[in-house]
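Please read it with the structure open.

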Amino acid sequence: MDKFISNQLIVSRSVVRQGIQRGEAAVNGMLVRDSGTLIDVDNDIIAYKGNIINYKEYVYILMNKPHGVLSAATDKMCKTVVDLVPDHLKRQGIVPVGRLDKDTTGLLIITDDGAFAHNCISPKKKISKSYIAHLDGDINEDMIAKFQNGVVLADGTVCRSAILERMDKNIARITITEGKYHQVKRMFGTVGLGVNGLHRESIGGLYLPNTLKFGECIEMTKQQLEDCIYNKKV
Ligand code: URA
């Protein structure tokens, strides 16, 4: 029982054990003080500190990543996206799906479902990711054609065809289907443009809800996420 509670909430095994011994846990309404009590996660109703724990194999979180926060689970120096996840959604093993740079904002999925994360970032799946880029110079037709033909980065890496849409003279939407290191910034670098601001607006057909402020999260189900990403009707 202590392993289950500790995994579902982000509480260490030893703290949970102490809580159970103090009489803070119940199975099917009966107080249980033995932390080694065997439970059936599909059928037993487990309560800890007065709250019923709804068993979920995995958790799927959508975050509007703020500027200045690392896309990582932990870091000694810097605040991470996992630090921002509210306690009721926090679990051991949650990590961001792919990385946004520290200064990039926008749509980020956080989960402990490794297979889901792998599918989402695998270039083989060709899931599109779109970003709004604020640039330090103007966008022209040549750049749009160059991006469409596949940019060759400074180190010789060839990028897949990307869609560049001019939204204002120095603001563009760029849609790519892979996720190389600093890809968008490096792609703009090849046409002599620096990126002053980058915001991810979508992954496949999944968009940030416009009510979600920077740093806020919502929980979704795997089904909801997949229906949106692969653009099925929800
Ligand atoms: N491309 C970048 O250069 N940075 C990001 O954060 C995401 C894509």
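1. **Basis.** This is a predicted model: local features need pLDDT of at least 70, side-chain atom pairs count only at pLDDT 80 or more, and totals for chains, interfaces and linings use all residues. Residues are numbered from 1 along each chain as its sequence is written, and side-chain values use heavy atoms, with hydrogens and water left out.

2. Helix α4 spans residues 141–149, and its buried residues are Met143, Ile144 and Phe147. They sit on the same side of α4 because they cover an arc of only 100° around the axis. The arc is taken from the directions from the helix axis to the C-beta atoms. Glu141, Asp142, Gln148 and Asn149 are exposed on the other side. Buried means under 20% relative accessible area, exposed over 50%, and partly exposed in between (1.4 Å probe, protein chains only). Helices (H or I, at least four residues) and strands (E, at least two) are DSSP runs, numbered from the N terminus.

3. **Cover and ends of α4.** The cover over the buried residues of α4 includes β9 (163–168), β10 (171–176) and α5 (183–189). Asn140 caps the N-terminal end: one of its side-chain oxygens lies 3.1 Å from the backbone nitrogen of Asp142. Gly150 follows α4 and has a positive phi, near 100°.

4. **Lys129.** What does the side chain of Lys129 reach? This residue lies in strand β8 (residues 129–135). Lys129 is buried yet has no salt bridge. Glu178, the nearest side chain of opposite charge, is 9.8 Å away. (Lys and Arg count as positive, Asp and Glu as negative; His and the chain ends are not counted.) The side chain of Lys129 reaches the backbone oxygen of Cys120 at 3.1 Å.

5. **Salt bridges.** The whole structure holds twelve salt bridges, each a side-chain nitrogen of Lys or Arg within 4 Å of a carboxyl oxygen of Asp or Glu. Lys56 pairs with Glu219, with the closest N and O atoms 2.8 Å apart. That pair links distant parts of the chain, 163 residues apart. Lys56 is partly exposed, at 29% relative accessible area. Glu219 is partly exposed too, at 36%.

6. **Two further pairs.** Arg91 and Asp112 meet at 3.2 Å, N to O. Both Arg91 and Asp112 are buried. Lys185 bridges to Asp101, with closest N and O atoms 2.8 Å apart. Lys185 lies in helix α5 and Asp101 in the loop between β6 and β7, so the pair ties together parts 84 residues apart in sequence.

Technical notes:
Contact = heavy atoms within 4.5 Å. Polar contact = N/O pair within 3.5 Å; in protein donor to acceptor, adjacent residues only side chain to side chain.
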